Amino acid sequence: MHNKYFSKEDAEKKLGKMVISLREFSGIPIGSVGRVASIYGMKNEYGLDIRWLFIHTKKHRVVDGFSKDEYKEFLQELE
């Protein structure tokens with residue numbers, strides 16, 4: 001199944017938004033807080049890069065990419 005992605009305009013509107021993980025995935029614990037740090041494009045589809053605020057390796061912070069479907073399934077925006 002092909003994931004749905006954001007339009008460029010919708011992806012850009014998400015930049016800077018704070019999110020919380022709704023469940024554990026890829027080593028990210030439930031309740032982790034992150035920020036939409038950047039967008040990435042594939043043809044006319046765009047995904048979001050989430051930089052997790054309190055999760056990092058010895059050398060850098062953890063960043064994960066999300067399609068629109070994954071964003072809706074795994075994350076909730078914080079006000």
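Predicted model: local features only at pLDDT ≥ 70, side-chain atom pairs only at ≥ 80, totals over all residues.
Residues are numbered from 1 along each chain as its sequence is written, and side-chain values use heavy atoms, without hydrogens and water.

Next I looked up the secondary structure, and I noted 2 helices and 5 strands, which follow the pattern α-β-β-β-β-α-β along the sequence. Both kinds of element are DSSP runs numbered from the N terminus, helices being H or I with at least four residues and strands E with at least two.

For the overall form, I found that the radius of gyration is 12 Å, which agrees with the value near 12 Å for a compact globule of 79 residues; it is taken over C-alpha atoms, and the globule rule is 2.2 Å times the number of residues to the power 0.38. I also recorded that 27% of the 79 residues count as buried, where buried means under 20% relative accessible area, exposed over 50%, and partly exposed in between, with a 1.4 Å probe and protein chains only.

I then turned to the largest nonpolar core, which has 14 residues, among them Phe25, Leu48, Ile50 and Trp52. Such a core is a set of buried Ala, Val, Leu, Ile, Met, Phe, Trp, Tyr and Cys residues joined through side-chain atoms within 4.5 Å. The elements giving two or more residues to this core are β3 (45–56) and α2 (68–74), and β3 supplies the largest share, 4 residues.

Looking at tryptophan 52, and leaving out residues up to four places away in sequence, I found that its partners include Phe25, Val33, Arg61, Phe66 and Leu75, a contact being heavy atoms within 4.5 Å.

Last, I checked isoleucine 39, which lies in strand β2 (residues 33–42) and is partly exposed, with a relative accessible area of 25%. Beyond its neighbours within four places in sequence, isoleucine 39 is in contact with Ala11, Glu12, Leu15, Tyr46, Gly47 and Leu48.
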